[in-house]
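Please open the structure in a viewer and keep the selection panel at hand.

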Amino acid sequence: MLETARLLLTPLTLEEDAAALFAIQSDPVVMRYWNHAPWTDLVQARDAIVADQAAQADGTLWKLGIRERDSGALVGTCMLFAVERDSRRGEIGYNLAASAQGKGYMTEALDGFIRHLFTVRGLRRLEAEIDPRNAASAKLLLRLGFQQEGLLRERWVVDGEISDSALYGLLAEDFQRARPAA
Ligand SMILES: CC(C)(COP(=O)(O)OP(=O)(O)OC[C@H]1O[C@@H](n2cnc3c(N)ncnc32)[C@H](O)[C@@H]1OP(=O)(O)O)[C@@H](O)C(=O)NCCC(=O)NCCS
């Protein structure tokens with residue numbers, strides 16, 4: 001478990017989190033630039049939690065629920081995947097319920113998550129791939145010290161829509177510069 005001033009980051013459980021995860025990932029606003037269409041059935045949330053638990057058991061994924069300390073509500077998720085152990089790098093992904101956006105929650109959650117990845121887990125480089133039209137996500141990455149390193153044209157087809165990918169990278173020293181330890 002990771003803790004920040006306003007948030008707790010803990011694993012998702014089937015019993016407690018399926019409904020809240022479904023609410024987040026069935027919302028077209030949240031899913032506008034995601035790599036699959038919004039969910040339409042609660043069973044998709046349940047299946048995703050089960051699949052994620054299997055991936056975490058074999059070490060290919062680390063996914064945490066982002067919870068408000070005050071209410072205990074699940075408001076989003078953040079994850080590490082595509083880990084290359086020898087190169088000590090991995091990719092991050094994240095989402096927040098629409099009602100939880102604009103409060104600085106993801107900056108706060110990823111600050112704690114990334115600090116842990118660099119200082120405790122020994123990673124040295126993180127990557128993120130976003131739709132270049134996703135302005136809130138680009139702003140968030142820049143705030144954390146990421147730099148845009150590339151643009152891959154027409155990389156995805158999601159629900160019939162073709163989109164580009166902007167690739168961002170963050171080295172441990174970039175993060176230290178952008179978010180010095182308190
Ligand atoms: C990407 C995403 C997480 C960004 O959410 P966000 O709310 O903009 O990001 P944060 O939680 O860090 O909030 C930052 C905003 O809160 C504001 N804010 C309010 N209170 C704050 C506080 N106490 N501390 C910091 N920022 C605060 C900031 O000013 C900032 O607003 P601005 O961008 O207008 O300047 C969100 O848009 C999202 O979940 N989108 C859908 C999923 C998605 O696209 N994920 C990425 C796919 S790769």
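Which residues line the second largest pocket? The model is a predicted one, and the tour begins with this selection. Select Gln56, Gly59, Thr60, Leu61, Trp62, Leu80, Val83, Arg85, Arg88, Arg121, Gly122 and Leu123, which form the lining of the second largest pocket. Strand E3 (61-68) and strand E4 (74-84) are the elements that each give two or more residues to this lining. By type, the lining residues of the second largest pocket comprise five nonpolar, four polar and three charged. The volume of the second largest pocket is about 230 Å³.

Next, turn to the largest pocket, with a volume of about 1200 Å³. Its lining holds 49 residues; please select Val30, Tyr33, Trp34, Tyr94 and Asn134, the closest of them to the pocket centre. Then highlight strand E5 (residues 89-96), from which six residues, the largest share of this lining, are drawn. The lining of the largest pocket contains 24 nonpolar, 13 polar and 12 charged residues.

Now select helix H2, residues 42-57. With 16 residues at 1.5 Å a residue, H2 should span 22 Å, and the 23 Å between its end C-alpha atoms agrees with this. Within H2, colour the buried residues Ala45, Ala48, Ile49, Asp52 and Ala55. These residues lie on the same side of H2, because they cover an arc of only 125° around the axis. Helix H1 (14-25) and E3 are included in what covers them.

Proceed to helix H4, residues 135-143, and colour its buried residues: Ser137, Ala138, Leu140 and Leu141. Their arc around the axis is only 160°, so they are on the same side of H4. On the other side of H4, the exposed residues are Ala135, Ala136, Lys139 and Leu142. To see what covers the buried side of H4, display E5, helix H3 (105-119), strand E6 (125-130) and strand E8 (161-171), which are among the covering elements. After H4 comes Gly145, which has a positive phi, near 105°.

For the last stop, select Val157 in strand E7 (residues 147-158). Is Val157 buried or exposed? Val157 is exposed, because its relative accessible area is 59% and exposed means over 50%.

Definitions and conventions
Residues numbered from 1 in each chain as written. Predicted model: local features only at pLDDT ≥ 70, side-chain atom pairs only at ≥ 80, totals over all residues. Heavy atoms only, no water. 1 Å grid on protein atoms, 1.4 Å probe; cavity = no way out; pocket = protein on both sides within 12 Å on 5 of 7 lines; lining within 4 Å. Points joined across faces, edges and corners; volume = space filled by probe spheres on them. Helix = DSSP H or I, 4+ residues; strand = E, 2+ residues; numbered from the N terminus. Nonpolar A, V, L, I, M, F, W, Y, C, P; charged D, E, K, R; others polar. Expected span 1.5 Å × (residues − 1). Buried < 20%, exposed > 50% of the residue type's maximum accessible area, 1.4 Å probe, protein only. Arc of directions from axis to C-beta. Contact = heavy atoms within 4.5 Å.
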